Structure formats: structure tokens, C-alpha cells
Amino acid sequence: MDTLAILRDLQSTLDNLRTIDRDLTAFPPDLASLNERLKALETEATAKTKALEGARVRIQTMGRELATAQKDEDRARAAVKTTSQKVQYTAAIRELDEKERQKALISKPLKALEVEAQALEAALASLETQRSETRSRFDELHAIFLEEHANQVAAREMLQAKRTELEARLPPQEQTRFHRLLSNRQGKAIAAVENGTCTGCRVKLRAPFLAAMREAKEPMACESCQRILFLP
Ligand SMILES: [Zn+2]
């Protein structure tokens with residue numbers, strides 16, 4: 001089989017796989033709603049995990065700032081104890097007040113942040129419980145759904161094996177090109193030429209290009225949409 005034949009076979013294998021995947025994800029309402037719920041729980045858990053990570057980083061930074069502020073306060077307190085002259089004593093007291101105030105500026109928001117982090121941890125634990133409950137109910141119904149669609153499941157396995165086998169027979173650069181086209185061209189990497197026109201993008205091909213295509217040993221790409229062309 002030449003490269004073009006493999007590519008055409010691969011394209012039709014993928015088209016069939018897509019159809020089957022659509023059938024196998026067309027869930028009945030109960031399964032669909034469990035699936036939606038699972039996705040929503042996962043999205044929420046991801047957002048909360050991110051928020052918790054952010055809070056933990058800030059807690060660490062503020063913890064270090066608080067330690068420094070504490071040292072400053074301790075130093076100021078020691079200065080108050082060792083000062084005997086009245087003028088210096090007043091200044092030392094004022095300094096201690098200031099250091100205490102600065103420490104409070106860090107410790108209060110830090111406390112609030114710690115409370116916030118704890119709330120996030122609790123929320124995440126509860127989400128995890130909900131997620132695993134929803135997951136097991138989903139898995140149960142999904143297994144039944146798949147049993148009811150045993151033919152499609154078997155066909156999907158066969159097609160997946162065929163895809164792997166066909167891909168293995170393609171030169172690596174053809175594989176890369178094919179997959180890039182699939183993602184850039186709505187899942188259609190291959191297009192037939194009909195009446196001198198690329199059926200992928202409906203652009204009329206130039207006569208010399210068509211002539212070259214008939215002679216070519218390697219697959220040629222549409223000059224307009226880059227899909228790999230074949231003459232039916
Ligand atoms: Zn085209």
C-alpha cells in the first residue's frame with residue numbers, strides 16, 4: 001500500500017471512530033447529568049486547589065515577615081528594659097509601640113489567610129467526597145450503558161487498533177503533517193479532487209498542478225487548504 005492509500009484508509013478509520021465516539025458519548029439524561037456534575041466538581045476542585053496553593057505561598061511569605069517583625073519587637077522590648085534615662089525611655093516605649101503596631105499589620109491578615117486556607121481545605125475535602133460518590137454512580141451507569149452498546153465498543157477497539165497499525169506504517173513526517181492537518185482542518189486531512197476542484201476547500205486547481213498530480217509518486221497537497229489530495 002502506498003502512502004496515499006494508507007492516509008485515505010487512516011482518514012476513513014478516524015471518521016468511523018468519530019461517529020462511534022459520538023454514539024458512545026450520547027449519554028441518556030441520567031448519565032449525562034452525572035457527567036456534567038462530575039465535570040463541574042472537577043472544575044471547582046481545580047479552582048479551589050489553585051486558590052489554596054496561592055494562600056499557602058502567601059502564608060509562607062507573611063510568616064517570614066512576621067518572624068522578622070517579632071525580632072524587631074523583641075529588640076525594642078529589650079531596649080525598654082535596659083533604658084533608665086527618662087527621655088530615652090519615652091523614645092524606647094514609642095519605638096516598641098511602633099514595632100507592635102507593625103507586627104499586628106502582618107499578623108492580623110496572616111490569621112485571616114490561615115482561616116481562609118483552612119476553609120479551602122475543608123471545602124476541598126467535601127468536594128472530593130462528592131466527586132468520588134458521583135464518580136462511582138457514574139461508573140455504575142456507564143458500565144450498563146457500555147454493555148448496551150457492546151457492538152460499538154468492540155468496533156471502537158478494532159478501529160483504534162487499525163489506526164495504530166496504519167500510523168505505524170506512515171513515515172514520521174507524514175504522520176506529523178497528517179495530524180497537523182486534522183487539527184487545523186476540522187478533522188479532514190484528505191480531500192478528493194472532483195471536476196478539477198479540491199473538495200476540501202472548493203478551490204479550482206490549476207491545470208499544471210492537476211497534470212503534476214497525475215504523474216506524482218508522492219501525495220500532493222492542495223495549494224489553497226494544504227489538504228492531501230487524491231483522484232477518485
Ligand atoms: Zn483545498
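Which residues in H1 meet Glu174, Phe178 and Leu182 in H5?

Entry 1: I am working on a predicted model, where local features need pLDDT of at least 70, side-chain atom pairs count only at pLDDT 80 or more, and totals for chains, interfaces and linings use all residues. Residues are numbered from 1 along each chain as its sequence is written, and side-chain values use heavy atoms, without hydrogens and water.

**Entry 2: H1 and H5.** I looked up the opening question: Thr3, Leu7, Leu10, Gln11 and Leu14 are the H1 residues. Contact means heavy atoms within 4.5 Å. Helices (H or I, at least four residues) and strands (E, at least two) are DSSP runs, numbered from the N terminus. The contact of H1 with H5 has five nonpolar residues, two polar and one charged. I then checked the axes of H1 (residues 3-25) and H5 (residues 172-184): they come within 12 Å and cross at roughly 40 degrees. Axes are lines fitted to C-alpha atoms, for helices over the stretch in contact, and angles run from 0 to 180 degrees between N-to-C directions.

**Entry 3: the core.** I found 25 residues in the largest nonpolar core, with Leu7, Leu10, Leu14, Phe138, Phe178, Ala189 and Ile190 having the most contacts inside it. Such a core is a set of buried (under 20% relative accessible area, 1.4 Å probe, protein chains only) Ala, Val, Leu, Ile, Met, Phe, Trp, Tyr and Cys residues joined through side-chain atoms within 4.5 Å. H1 gives the most to this core, with seven residues. Domain 1 (3-170) and domain 2 (171-232) both contribute, so the core lies between them.

**Entry 4: Leu7.** Leaving aside neighbours within four places in sequence, I see Leu7 in contact with Leu170, Glu174, Phe178, Ile190, Pro219 and Ile228.

Terms used. Nonpolar A, V, L, I, M, F, W, Y, C, P; charged D, E, K, R; others polar. Buried < 20%, exposed > 50% of the residue type's maximum accessible area, 1.4 Å probe, protein only. Domains from an automatic or database assignment.
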